[in-house]
Amino acid sequence: MTKKTLTSAQATMRAAMLSRRTMLRSAVATGAIGLSAPLFSRNAFSSSGELNLLMWSDEFPDPVIPNFEKATGIKVNQTPFSQNEEQINKLQATGGEGFDLCQPTRNRAPQYKDVQALAPFDMNKVKNLSALVPSMLESSTSLWTWEDGLYHLPHCWGSEAISYRTDLYKGDLANLSYGSLWQDDVKGHTQGRGHSFLLGIGLWWDGSGKMPTNRMLDGYKDEAAFKKVWDPILAFAIEHKSWVKQFWDSADNTKSGLMENDVWIGQTWDGPPLSLKKDGKPVNYTSPKEGAIVWLDGLSLMKASKNQDQAYEFINYLMTPEVSAQVAEGSGYNPVVTGADALTSDAFKKNFQEAYPGDALKNVWHWPAEPTWYSEIRSQYVDQFKAA
């Protein structure tokens, strides 16, 4: 990872938030954005056929795909997954055969490049590119532009921070930290992903001065630097394994942990707890003092795609304010299309403000570009933690 890449990622979030605020103000002032705007104009060629989508399990909430099928006659065959590793393994095993589009996370660009199953986009066929928030598009182009073109287009963004049961967690809400997951009063009632638990410990230690690591970026230099940073973190995690109620690996079991499995507090994505909160459940999600961990998910075209016209039709459909707003409203994640925010509900906007209170957006932590060697060695550490 270069300094340029990190600076670009930070600028991405700031620009996205500026766009969100200015867009909302101008929309109210001019009345330029409204629900009556046309959703989608289909092309004649796409009035039939199918599309095979390898997709995050919760990033295409109803009515996004049903509306597309109705408007175009294209049947979308959905293959959901829950983690990037699952998607990468499937692409390695199949070479991408049987799929037209997949959904990589921005920082995993080096790993997906190594798989060699993707094709560059024909940008002449991406009709609604100008609708994307410029900083979000730059976030894709900065890591996913290779020799022969662009391999990633943004779909939605979100974060990983602290979710908790408002009726069960009794800790200090004014000082929420990744360290809050390891306090004595929540022993046996926490949840997180294995590698996220370990990252969170490192960010906590860096923020408190216990173990300075340049906010964990030192561990990305090489394998020796990784081990120096992660060895003491792993030792602490293993010693405190009994604090963990469950390791979540999907949106669904994140929700079930909070609602059915006696989880009081966890380090989770934003979508699942915010969806519960929107439905009136006793759940909240907010940034800890070390900063929320930010990600961007996108769409990539398969080299083996047999339905490219339908794939581009779907991409152009997603790049409209109305559909991007539907994605956000139903998933709890955040839109990437200019004008989409104005079409979300008051509850969605309120949840966003409470997830990133004060100057929280200035303190976010962006996942750096993650090479294959890093992913492989980190998986070994996670396996040791889980097996302890």
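Buried here means under 20% relative accessible area, exposed means over 50%, and partly exposed lies in between. Keep those cut-offs at hand as you move through this predicted model.

**Stop 1: R165 and D167**

Select R165 and D167 and show their side chains. They meet in a salt bridge, at 2.8 Å from N to O. Now colour by accessibility. R165 has 11% relative accessibility, so it counts as buried.

**Stop 2: D218 and K221**

Next, select D218 and K221. Here again two side chains form a salt bridge, with an N to O distance of 3.8 Å. Is K221 buried or exposed? K221 is exposed, because its relative accessible area is 61%. D218 reaches 21% relative accessibility and therefore counts as partly exposed.

**Stop 3: R378 and E85**

Bring up R378 together with E85. Their side chains join in a salt bridge of 3.7 Å, N to O. Which helices hold the two residues? R378 sits in helix α13 (residues 372-387) and E85 in helix α3 (residues 84-94), so this pair ties together parts that are 293 residues apart in sequence. R378 is buried, with a relative accessible area of 3%, while E85 is partly exposed at 22%.

E85, R108, E370 and R378 are linked in a network of salt bridges.

**Stop 4: helices α8 and α9**

Two packed helices are described by the angle between their axes and the distance between the axes. Select residues 251-260 for helix α8 and residues 271-278 for helix α9. The two pack at an angle of about 55 degrees, with their axes 8 Å apart. Angles from 65 to 115 degrees would count as roughly perpendicular and those under 35 as roughly parallel; α8 and α9 are therefore oblique to each other. Their crossing is right-handed.

Which residues of α8 and α9 meet? On the α8 side, show A251, T254, K255, L258 and M259. Facing them from α9 are P272, P273, S275 and L276. Colour this contact by residue class and you will find 6 nonpolar, 2 polar and 1 charged residues. K255, being a Lys, belongs to the charged class, whereas T254 and S275 fall in the polar class.

Technical notes:
Residues are numbered from 1 along each chain as its sequence is written. This is a predicted model: local features need pLDDT of at least 70, side-chain atom pairs count only at pLDDT 80 or more; totals for chains, interfaces and linings use all residues. Side-chain values use heavy atoms; hydrogens and water are left out. A salt bridge is a side-chain nitrogen of Lys or Arg within 4 Å of a carboxyl oxygen of Asp or Glu. Helices (H or I, at least four residues) and strands (E, at least two) are DSSP runs, numbered from the N terminus. Buried means under 20% relative accessible area, exposed over 50%, partly exposed in between (1.4 Å probe, protein chains only). Axes are lines fitted to C-alpha atoms, for helices over the stretch in contact, and angles run from 0 to 180 degrees between N-to-C directions. Angles under 35 degrees count as roughly parallel, over 145 as roughly antiparallel, 65 to 115 as roughly perpendicular and the rest as oblique. A crossing is left-handed if the near helix is turned anticlockwise from the far one by less than a right angle, and right-handed if clockwise. Contact means heavy atoms within 4.5 Å.
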